[in-house]
Amino acid sequence: MAATTPTPAAPAARQKIRITPERVNWSATIILILCAFTVLLPLYVTISMAFKSGTQAVDGNAFSLPNPISIEGFVEAWNLTNFPVGAGVSALVTAGTVAGTIFLAAFASYAIVRNWDHKFFRYSFFYLLAAMFIPFPVVALPQIQLTGLVGLANPGGVILLATMFQLSFSVLLFTAFLRSIPYELEESARIDGASTWQTFWKLIFPLLAPMSATVGIFAFLYAWNDFMMPSLIIADAQLQTLPVRQNIFQTQFSNNYHVSFASYLMAMSPAIIAYLFTQRWVMEGVTQGAVKG
Amino acid sequence: MSTPTAGQTQAVRPRRRHVEPLYWWFLVPSLILFTLAITIPGLVGIFFSFTDSIGVGDWRFIGLTNYVALFSDPAVLQSYLFTFGFAIATVLVVNVVSFMLAVGLTSRIRLKTPLRTVFVIPMVISGIIIAYVFQFLFNNSLPGLGEALGIKVLSTSMLSNPDLAWVALVIVTAWQAIPGTLLIYIAGLLAVPGDVYEAADIDGATKPQQLLRITLPLVFGYVVINMILGLKNFLGAYDIIKGLTDGGPGTSTRSISMTIVGGFNGGDYAYQMANATIFFIITIVISLAQLRLTRGRSL
């Protein structure tokens, strides 16, 4: 309430010059800032705990500032969880899933949309889409068994399965987008003598870029953050992704809170930093994807 | 290659035209991989649900025995009851909070961009890591706060209280799920034309009236989408539960997914495949309900 008092003065001054800019809703601004603290608080706790020394962290006080600032938690977590290997596996799984999803879904969608009058392609579309209704736990047990049998109980198997689970949704997005590209554009390229491959590669795929970004963001968030699938599919704990490593070492962290939080922070920060740099695309992409899908 | 002819044949004989080989190469490898990765495991799972397999070794057909046993298994029934209660509660919390945040974030506020940036952050963090951070807060920080405020229920950890552990799960799941829902609502609210509100202002409608009588009906399609997408996600809950309570205390927060996946180590392979089949059928029913409800709604 108190904060509303200074407001009338500011717009009143501007009012003289231009068309009334609607009044700033200060009460909503303040409520939202307070709500934002519920998001920031756990992040603050993570960062401050991670930078504490072992002697300070052991008291379990979440809100005190680190004093002195120490990186011993990071050093210990780095060695204990074998962070470089975990980060490498996570990066590999994520890159593989993102690339696999974008390319396979774009190829399949192009073939489907350009041959919609052909039964096989039309039915393939609905077949691929059906996986959107299959939750992973439903097929998880046979997948664990089968990946074990064919030697895919490793990050490669996770890339394959994650890509296939992402395919349905991605094909849905790509086909919707492809239908909105006028066919005349493609025809003119073909009249100029471009083959189908050239048309796709030089004309269609670049046009798909905004949708590829959306598809890629969804695949990235899924592959980087997922715990369930890698924890069940990858047999060798040495080759686990970062989220699964937190689970494996959770008991060893015990009361060394500075180590556990340093480990959490290292695992979550790449995605957060990537998000802060690409936030406009992420927000637009997710909105577009969710509304179309 | 022979592109102009492809166009001609399409015009003359639209039914059995020649499909360029490249299109097959674009589609068929994906179809094969998809079949191997998802369809075959699905069919294998359904097949084994009619057997007594423990995942390895010999097995024989036992008909519907697994399915009959499921319906009288208290552990399974409890996991369904918990999962549905949890999913419905979370859907309601997520949608109410997201909708109000979206209304706030699309109104005339200061710091609009930084606020949006902050609210979306939880979406990019791994569920299990969020769960561990909150586990620490629930175990170490909240009891102290409860004690200081003299609230007895909060003075011990919520996570070790069988009656309250699910509330902690709802809070943490909502914390992570709100951004996605919020972005959809923001898109919905921005699509409402501004002159509708001008007209309402002239007619003397108050702000709460406008929200309830104008905004809500206009974005109702988005509400339905968010509700059903959320319900489907939360019914499959695994990562956050695994990190926060690991199904405990006791088995009070064991979700359906955890029960199914536990079958591989517990020697209940075939039995849990029957459970998975039932869960699959439920998911299909919900998805069909979704198609029915959203059909004809333009977004």
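**Asking why: a tutorial on chains A and B**

Student: B:Asp246 sits in the loop between H11 and H12 of chain B. Why does B:Asp246 count as partly exposed?

Tutor: The model is predicted, with local features taken at pLDDT of at least 70, side-chain atom pairs at pLDDT 80 or more, and totals for chains, interfaces and linings from all residues. Residues are numbered from 1 along each chain as its sequence is written, while chains are lettered from A and ligands numbered from 1 in the order in which they are written. A residue is buried with 20 or more other C-beta atoms within 10 Å of its own, exposed with 12 or fewer, and partly exposed in between, the C-beta atoms being placed from the backbone. B:Asp246 has 16 such neighbours, so it is partly exposed.

Student: What makes the phi of B:Asp246 worth a remark?

Tutor: Most residues other than glycine have a negative phi. B:Asp246 is not a glycine, and its phi is positive, about 50°. A:Asn82, another residue other than glycine, has a positive phi near 55°. A:Asn82 lies in the loop between H4 and helix H5 (83-114) of chain A, and its 17 C-beta neighbours inside 10 Å make it partly exposed.

Student: Which residues does the cis peptide bond with omega of about -5° join?

Tutor: B:Gly248 and B:Pro249. B:Pro249 is in the loop between helix H11 (239-244) and helix H12 (256-266) of chain B. Chain A has a cis bond between A:Asn67 and A:Pro68, with omega about 0°. A:Pro68 is in the loop between helix H3 (54-57) and helix H4 (72-80).

Student: Why is A:Phe125 called buried?

Tutor: A:Phe125 has 20 C-beta neighbours inside 10 Å, so it counts as buried. A:Phe125 belongs to helix H6 (residues 119-129) of chain A; helices are DSSP runs of H or I with at least four residues, numbered from the N terminus.

Student: What does A:Phe125 contact, leaving aside its neighbours within four places in sequence?

Tutor: A:Ile112 and A:Thr175, where contact means backbone-placed C-beta atoms within 7 Å. A:Leu172 is 47 residues from A:Phe125 in sequence, with a C-alpha to C-alpha distance of 8.4 Å.

Student: Which residues have the most contacts inside the largest nonpolar core?

Tutor: A:Ala108 and B:Leu169, in a core of 159 residues. Helix H7 (residues 165-190) of chain B gives the largest share, 16 residues. Domain 1 (2-72) and domain 2 (81-253) of chain A both contribute, so the core lies between them. The C-alpha centres of these two domains are 38 Å apart. Beyond four places in sequence, the contacts of B:Leu169 include B:Phe86, B:Ile240 and B:Thr253.

Student: How many residues does each chain give to the contact?

Tutor: Chain A gives 74 residues and chain B gives 72 residues. Helix H14 (residues 257-292) supplies the largest share of the chain A side, 13 residues.

Key
A nonpolar core is a set of buried Ala, Val, Leu, Ile, Met, Phe, Trp, Tyr and Cys residues joined through C-beta atoms within 7 Å. Helices (H or I, at least four residues) and strands (E, at least two) are DSSP runs, numbered from the N terminus. Domain bounds come from an automatic or database domain assignment. Two residues are in contact if their C-beta atoms, placed from the backbone, lie within 7 Å.
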